[in-house]
Amino acid sequence: MSERRSDRIVSIALSILVHAAIVGALLWGWWQYRQPTVTPQNLAIEATVVRDAPAVPAAPAPSAPPTPDNPPPPPPTPTQAAPDEQALQQARDQQAQADQAAREKLEQEHAAQERANQEREAQEHAAQERAAQEKQAAQEQAERAAKAEADRAAAAKANAERAAAAKAEADRKAQLAQQRQLEQERAQREADLRAQLASEEHLNAVQSSPAKAEYLSLITARINRAWIRPPSARSGVKCSLHITQIPGGEITHVVVAGCNGDEAVRQSVETAAYRASPLPAPSDPALFDPNIDVTFAPDE
Amino acid sequence: MNNPTNARIAAPLPARASPVRGGKPLVLVLVVATALVGLLAPPARADLQVLITKGVTDPIPIAIVPFARAVPADGGFDVAAVVQHDLESSGRFRPMQRRDMLTTPSSASDVQAADWKAAGNDYVVVGRVTAVSATELDVDCDLINIQTGTRVASQKFIANAASLRNAAHLVSDFVYSKVLGVRGAFATRIAYVAVEGKAPTRRFQLIVADADGENPKVILESLQPIMSPAWSPDEQWLAYVSFENRLSGVYVQKVHTGERQLVSARIGVNGAPAYSPDGMHLALTLSGTNGNLDVWLLDLATQGLTRLTDDPAVDTEPAWSPDGKSIYFTSDRAGGPQIYKLDIAQPKRIERITFGSAYNARPRVSPDGKKLAFVTREGGNYRIAIQDLASGTVSVLSHGALDESPSFAPNGAEIIYAGRDGDVGTLQTVSVDGLVTQRLKSDQGEVREPVWGPFPR
């Protein structure tokens, strides 16, 4: 604990030092920063100079120094400098003045030439610059267009590829689905077949079972009770009916398939079929059959 | 021949209604349609095969809806009530009570099948009486099978106010035949002998009535006994024995007109006439001078007599087989009365038919020739029995103490006979299966020897 307290004192001291240093630095920086704020008046003067000699700031140096359009003035001939001293002096002064003037004029011309050259150069340069820029811009535009075209093409290609991929995927899925369906159908068929076999086995089992005999005897009793036998239904009369029943035993349809009896017999058997509705239910639902053949054959 | 003086002849003019071929049965179309359907689509053979061999003889539930009336031309006659009574009395039908009917449609198209089916009916009969002229009435009826939902048949009868009862019986016949496949006998007539009062003021009457006992008409009245009426096969004549001249004589009388002839008034007994099926002969019992009763054959056209039996025993009560080739008769040649059969072509060939009881008499052959009805003694009672001629099986049908004179209805479905209920004589019918008995008429006197007439021609 005590060690950590000393550590803390050290770190506090260091922290104070660091802060003090930062504050000091800030103050110095602020001082330094304040100096340039006084210079703008000087900058305004310099700006005048810049106007007289147009600079080409940040412009790349011309590949070749501009060639002066006007050749330098020819040197003065000596024949003209032979007067007396005064006159000579005067002449020299005059000559000097004239030279001065000529020089100044030449300088001025030269300066003007220089300016013009510089301006032309500047203009040319600017034009070149513009041209370069325009060219570059055009190039860039062309590049952009080409890129856009390429992008479009790429996109189209990508789309086509994606579509093709999607189609392939879809085809694959469809094929899979079809396979699955076929398999399901096959499975269903097998299941159906098994169920049918089972049901047939069951049916075969019940068909020969007492349950069926019981069911038939129930139906027989029911129809027998319902058949009011007319006097004309004598031995030798035979009538066949097809009865359709629905689950629950309700008789929905009766067809007289054949009957050698008279109209009264025919009426009686048909009526009996409807009177027997609803038919009794089998003890085993597997025995239910919507179609029943009934034969009326009075034994006298 | 001689018209006796002490018997009064009455000649009623019975009103007969006539059936008309009309209202073509829908059922024909249905049958054809059913057959076609059967041909086009034969149903597969079903797993469930049922064989019905018995059935029941329950009465068939039927509703006879009151007919639409033709007031006042119909005289207020209730056709449906007569039909209902006819069908109910046959024992083959169980008519719905009128008070249970919710509606009274008079044509097939107005019948709400579900309602009548819910009431338990198999069939519904609807009809209407309409006046087509001042005197002529049409009676139309429709028979509907409620269970199958089909109109079985329709029929029109032409009648008048006086023959509406007969028309009603024809409606009954129509329904009966369509439903049962057997011709109805409601529009036939019966004849019987009624005895009123006691000696010496007894009066004998020969009466003709509708088969249901209604509409009785006296066609002969006498203070002397009248016996053994017998119908001619054409239903126009009655032969009978009358003692109006104190001696027995056999007469034939035309029912409609009262015209009559004495056809046998020989010495001794002249009795038990029976028309041959062709109507040309009478079989009858004659005693001759020696008093021995034998069966003879009388040619009505020539009055020629042919002896059929020649036996010292009593041979009497002849009855024709429907084919006219044989005669059944009662004889006591074996001791007690039994029934025998002779071949008219070879009268010596005689066959005994009844055994069992010590008393079997008064034979009558069924219209199909297959059964014999007669009186048998069972215990101390005389009852109506029926014997199957092929098998010899005998069934006793009646339950009275002194039942006599059985006579088959022309459709063979019923037998009419006379019974006694204390002092009251009654006419009764019994179905040939013995299941249905019906009392037609009761009188303070006696009613004897009912005979059921043939179908009108």
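Let me start with a pair of residues. In β23(B), E351(B) is the bridge partner of K341(B). Keep in mind that this is a predicted model.

Where does that pair sit? Strand β22 of chain B, residues 336-343, is joined to β23(B) by three bridges, and the two run antiparallel. Both belong to an open sheet of four strands in chain B, ordered β20-β21-β22-β23, with antiparallel pairing. Now the edges. β20 (315-320) and β23 (350-352) of chain B each have a single partner strand, so one side of each lacks a neighbour in the sheet. On average, neighbouring strands of this sheet are turned by 35 degrees against each other, direction ignored.

Next, the contact between the chains. Which residues meet? On chain A, 36 residues are in contact with 32 residues of chain B. Four elements of chain A each supply at least two residues of the side that touches chain B: α4 (210-226), β2 (251-259), α5 (263-275) and β3 (291-296). α5(A) gives the largest share of that side, eight residues. What is this side of chain A made of, by class? It has 19 nonpolar, eight polar and nine charged residues.

β3(A) and strand β3 of chain B, residues 48-52, run parallel and are joined by five bridges. One example: F296(A) has I52(B) as its bridge partner in β3(B).

Now the inside. The largest nonpolar core has 141 residues. Which members touch the most others? From chain A, they are I223(A) and A273(A); from chain B, V79(B), V124(B), V125(B), V171(B) and A239(B). Helix α4 of chain B, residues 164-180, gives the most to this core, with 10 residues. Domain 1 (18-32 + 58-180) and domain 2 (188-452) each contribute at least three residues.

Take V124(B) from that list. Leave aside its neighbours within four places in sequence. V124(B) is then in contact with A63(B), V65(B), V111(B), W116(B), I144(B) and I146(B).

V79(B) brings us to helix α2 of chain B, residues 79-89. How many of its residues are buried? Eight of the 11, so to speak a mostly covered helix. V79(B), A80(B), V82(B) and V83(B) are among them. Also buried in α2(B) are Q84(B), D86(B), L87(B) and S89(B). Just after this helix comes G91(B), with a positive phi of about 80 degrees.

That is my tour. Questions, please.

Key
Residues are numbered from 1 along each chain as its sequence is written. Chains are lettered from A and ligands numbered from 1 in the order in which they are written. This is a predicted model: local features need pLDDT of at least 70, side-chain atom pairs count only at pLDDT 80 or more; totals for chains, interfaces and linings use all residues. Two residues are in contact if their C-beta atoms, placed from the backbone, lie within 7 Å. Ala, Val, Leu, Ile, Met, Phe, Trp, Tyr, Cys and Pro count as nonpolar, Asp, Glu, Lys and Arg as charged, and the others, Gly among them, as polar. Two strands pair if DSSP finds at least two bridges between them. A nonpolar core is a set of buried Ala, Val, Leu, Ile, Met, Phe, Trp, Tyr and Cys residues joined through C-beta atoms within 7 Å. A residue is buried if 20 or more other C-beta atoms lie within 10 Å of its own, exposed if 12 or fewer, and partly exposed in between; C-beta atoms are placed from the backbone. Domain bounds come from an automatic or database domain assignment. Axes are lines fitted to C-alpha atoms, for helices over the stretch in contact, and angles run from 0 to 180 degrees between N-to-C directions.
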